Amino acid sequence: MLNKKVNEPLSDDAIVEKFNSYLKERGKRRTPERYEILNHVLAFRKQFTVDDLKQTMDNGHFRVSQATLYYTMDLLVEADILRRLSTGTNAVAFERVDNVRHIHLLCQECGKVKLVKDQNFMAYMNALRFPAFTASYYNLTVYGICNDCARRIKRLQREAKKATNQ
Ligand SMILES: [Zn+2]
């Protein structure tokens, strides 16, 4: 644990163990469905939606109710295994909190997240040491506005201006 590199994500086993302790500590039921959902979640290497998850589970002929699926996602977020990526749009994306291979660019208008790589940043983070603290992982989200939204807003502003000039 001590000499673990900062930018190394947790192993799948470690995550299952984390979920296990979380359920135990909170006195929540450790149902096979919840672990099966987690297994499918771990197969995603990048962000995914509940629809994506449902699709892969259906493909694997594993049937689970929509309610169970959503509730388990909430549990996984609470257990600090997953995090929600979007803000206020209907397509909520999820991702492992220890996804540290990318920088997240989050558009505050539409909630879309783009993943970008930056080797210099990764190398810098990996070399960082903190006093009296051992880091396990980090993640970086850059908040801003995507080009699609910037263009749309500009167009709306132009149209509003035109309307007032008439
Ligand atoms: Zn946007």
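Where is the place of Leu 105? I found Leu 105 in strand 4 (residues 103-107). Strands here are DSSP runs of E with at least two residues, helices are DSSP runs of H or I with at least four, and both are numbered from the N terminus.

I note at the start that this is a predicted model, in which local features need pLDDT of at least 70 and side-chain atom pairs count only at pLDDT 80 or more, while totals for chains, interfaces and linings use all residues. Residues are numbered from 1 along each chain as its sequence is written.

I looked up how open the site is. Leu 105 counts as partly exposed because 17 C-beta neighbours lie inside 10 Å. The scale is this: 20 or more other C-beta atoms within 10 Å of a residue's own make it buried, 12 or fewer make it exposed, and anything in between is partly exposed, with C-beta atoms placed from the backbone.

I then listed its contacts. Leaving out residues up to four places away in sequence, Leu 105 touches Val 113, Lys 114, Val 116, Val 142 and Gly 144. Contact requires that the C-beta atoms of two residues, placed from the backbone, lie within 7 Å. I also checked Gln 157, which is 52 residues from Leu 105 along the chain; their C-alpha atoms are separated by 24 Å.

Two strands pair if DSSP finds at least two bridges between them.

Strand 4 pairs with strand 5 in the antiparallel sense over 4 bridges. In that pairing, Leu 105 stands opposite Lys 114, and Ile 103 has Val 116 as its bridge partner. The hairpin of strand 4 and strand 5 has 5 residues between the strands, and in it Gly 111 takes a positive phi near 85°.

Most residues other than glycine have a negative phi. I therefore looked for exceptions, in keeping with that general rule.

Asp 80 has a phi near 65°, a positive value in a residue other than glycine. Asp 80 sits in the loop between helix 4 and strand 2 (82-84). With 12 other C-beta atoms within 10 Å, Asp 80 is exposed.

Ala 132 also is not a glycine and has a positive phi of about 55°. I placed Ala 132 in the loop between helix 5 (119-127) and strand 6. Ala 132 is exposed, with 4 other C-beta atoms within 10 Å.

I found an open sheet of 3 strands in the order 1-3-2, with antiparallel pairing. Its edges are strand 1 (48-49) and strand 2, each with a single partner strand, so one side of each is left without a neighbour in the sheet. Strand 1 and strand 3 (residues 93-96) pair over 2 bridges in the antiparallel sense. Phe 48 stands opposite Phe 94 in strand 3.

**Entry: helices against helix 4**

Which residues of helix 2 meet helix 4? I listed Glu 33, Arg 34, Ile 37, Leu 38 and Val 41 in helix 2, which meet Thr 68, Leu 69, Thr 72, Leu 75 and Leu 76 in helix 4. By class, this contact has 6 nonpolar, 2 polar and 2 charged residues. Ala, Val, Leu, Ile, Met, Phe, Trp, Tyr, Cys and Pro count as nonpolar, Asp, Glu, Lys and Arg as charged, and the others, Gly among them, as polar.

Helix 2 (residues 32-42) packs on helix 4 at an angle of about 70°, with the axes 10 Å apart. Helix 2 is therefore roughly perpendicular to helix 4. Axes are lines fitted to C-alpha atoms, for helices over the stretch in contact, and angles run from 0 to 180 degrees between N-to-C directions. Under 35 degrees is roughly parallel, over 145 roughly antiparallel, 65 to 115 roughly perpendicular, and the rest oblique.

I then turned to helix 3 (residues 50-59) and helix 4 (residues 66-78), whose axes come within 11 Å and cross at roughly 120°. Helix 3 and helix 4 are therefore oblique to each other. Val 50, Leu 53 and Lys 54 in helix 3 meet Leu 69, Tyr 70 and Met 73 in helix 4. That contact has 5 nonpolar, no polar and 1 charged residues.
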